[in-house]
Amino acid sequence: MNELNALEGWSFPVHASRGGDARGRSIADQAERMVEWLNKVVGEFKIPTLYVVGADDWAAVAAFPLYGMPHAEPDRIVVGQEPAPFWNVVLDSVAPVLSDHDRAELCRVYGDPVTLSGFADLLVSHEIGHYLHPWGEPANPATFWLREMLANLALQGYVSEVEPELEEALLTVVWIVWGGSRQWPLYELEDMFRAPELDGSNYVWFEFGLQTLTKRLWANAEATALRRLIDLLNGPPLTHDEAIDAIHAIDPGVAADLRRWPRFPAV
């Protein structure tokens with residue numbers, strides 16, 4: 001591993017690969033805004049060290065082997081410095097089923113040729129959302145998808161309240177990939193915990209389905225929903241049906257779509 005540069009100016013440590021200071025500062029600025037927002041919404045909130053690293057340094061600091069897949073660990077958040085080839089895999093996985101309208105929308109929002117770096121940069125806020133729940137191995141499949149739903153809800157809330165001009169960049173690819181008709185190896189929500197074992201695209205599809213629902217959940221219940229999911233994940237482990245019942249008390253429509261997963265529309 002090359003020696004990483006220590007950057008200063010935030011409430012958490014930041015380390016970046018050589019040549020990546022500008023991107024490191026940009027990601028750290030967004031992370032700081034997310035932390036400040038969560039401090040207002042949920043009370044005192046802190047995060048550990050942020051690493052913004054290139055492909056040569058990824059293996060030395062990352063817990064997830066696929067370069068560019070943002071992820072959080074108890075002691076670090078790791079994101080990629082360069083646009084990750086992984087996102088091209090996601091787009092290629094749905095390319096055969098995209099309509100001409102969908103292709104045009106991707107180009108309009110993400111450029112031509114399409115690059116999802118603007119979308120991927122937002123995901124540091126998703127990773128920060130994971131510090132709202134306890135760490136350790138998920139107790140069951142429902143704990144896994146509830147954690148991801150909480151992180152997605154935190155991301156959606158942040159974008160809606162702090163940077164609404166970025167909502168199009170967040171949701172366009174989400175809705176297009178989710179709305180595609182591709183048949184995935186893993187399909188049921190209770191199987192989401194197994195999806196990271198595959199090439200990554202199936203797992204992203206699950207995340208996009210949850211992001212579609214959390215868009216509605218935030219619109220209907222805002223910070224109340226966020227605090228309720230935090231409470232659920234800090235309580236006794238819930239079964240799949242118990243978790244959906246608890247969400248029904250917040251938003252019956254979202255709970256109904258969780259029950260019929262994945263048979264609900266993208267928007």
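1. What is the order of the strands in the open sheet of 5 strands? Before answering, keep in mind that this is a predicted model. The order runs S1-S2-S3-S5-S4, and the pairing is mixed. At the edges you'll find strand S1 (5–7) and strand S4 (71–73). Each of these two has a single partner strand, so one side of each has no neighbour in the sheet. Going from one strand to the next, the twist averages 20°.

2. Now look at what sits on that sheet. Helix H1 (residues 21–42) packs on it and touches S1, strand S2 (14–16), S3 and S5. The direction of H1 makes about 145° with that of S3.

3. Strands of a sheet pair through backbone hydrogen bonds, either parallel or antiparallel. Strand S3 (residues 49–53) pairs with strand S5 (residues 76–80) in the parallel sense, over 5 bridges. Within that pairing, leucine 50 has isoleucine 77 of S5 as its bridge partner. S3 also pairs with S2, again in the parallel sense, over 3 bridges. There, histidine 15 stands opposite tyrosine 51 of S3.

4. Is S3 enclosed or open to the outside? Of its 5 residues, 5 are buried, so S3 is largely enclosed by the rest of the structure. In a regular strand the side chains alternate between the two faces of the sheet. You can follow this along S3: Thr49, Tyr51 and Val53 point one way, while Leu50 and Val52 point the other way, and all are buried.

5. Next, a helix pair. Two packed helices are described by the angle between their axes and the distance between the axes. For helix H10 (residues 240–248) and helix H11 (residues 252–259), the angle is about 155° and the axes are 7 Å apart. Why call them roughly antiparallel? Angles over 145 degrees count as roughly antiparallel, and the angle of this pair puts H10 in that class relative to H11. On the H10 side the contact is made by Asp241, Ile244, Asp245, Ile247 and His248. On the H11 side, Pro252, Val254, Ala255, Leu258 and Arg259 take part. Sorted by type, the residues of this contact come out as 6 nonpolar, 1 polar and 3 charged.

6. Tyrosine 110 deserves a click. Tyrosine 110 belongs to helix H4 and counts as buried, at 6% relative accessibility. What does tyrosine 110 touch, not counting residues up to four places away in sequence? The list is Thr115, Leu116, Phe119, Glu168, Ala169, Leu170, Thr172 and Val173. A polar atom of the tyrosine 110 side chain also lies 3.0 Å from the backbone nitrogen of valine 173.

7. Valine 174 lies in helix H8 (residues 167–179). Its relative accessible area is 1%, so valine 174 is buried. Leaving aside neighbours within four places in sequence, valine 174 is in contact with Phe119, Phe208, Gln211 and Thr212. Spot Phe119 there: tyrosine 110 touches Phe119 too.

8. Threonine 214 is found in H9 and counts as buried, with 0% relative accessibility. Not counting residues up to four places away in sequence, threonine 214 touches Met149, Asn152, Leu153 and Gln156. Glutamate 222 is in H9 as well (residues 201–233), but glutamate 222 is partly exposed, with a relative accessible area of 42%. Check its backbone while you're there: phi is positive, about 50°, although glutamate 222 is not a glycine.

9. Serine 93 is one for your close-up view. Serine 93 sits in helix H3 (residues 85–94) and counts as buried at 13% relative accessibility. A polar atom of its side chain lies 2.5 Å from the backbone oxygen of valine 90.

10. Finally, have a look at two cis peptide bonds. One joins aspartate 112 and proline 113, with omega about 5°. Proline 113 is in the loop between helix H4 (100–110) and helix H5 (117–120). Another cis bond runs from tryptophan 261 to proline 262, with omega near 0°. Proline 262 is in the segment after H11.

Methods: Residues numbered from 1 in each chain as written. Predicted model: local features only at pLDDT ≥ 70, side-chain atom pairs only at ≥ 80, totals over all residues. Heavy atoms only, no water. Axes fitted to C-alpha atoms, helices over the stretch in contact; angles between N-to-C directions. Helix = DSSP H or I, 4+ residues; strand = E, 2+ residues; numbered from the N terminus. Parallel < 35°, antiparallel > 145°, perpendicular 65-115°, else oblique. Contact = heavy atoms within 4.5 Å. Nonpolar A, V, L, I, M, F, W, Y, C, P; charged D, E, K, R; others polar. Buried < 20%, exposed > 50% of the residue type's maximum accessible area, 1.4 Å probe, protein only. Polar contact = N/O pair within 3.5 Å; in protein donor to acceptor, adjacent residues only side chain to side chain. Pairing = 2+ DSSP bridges.
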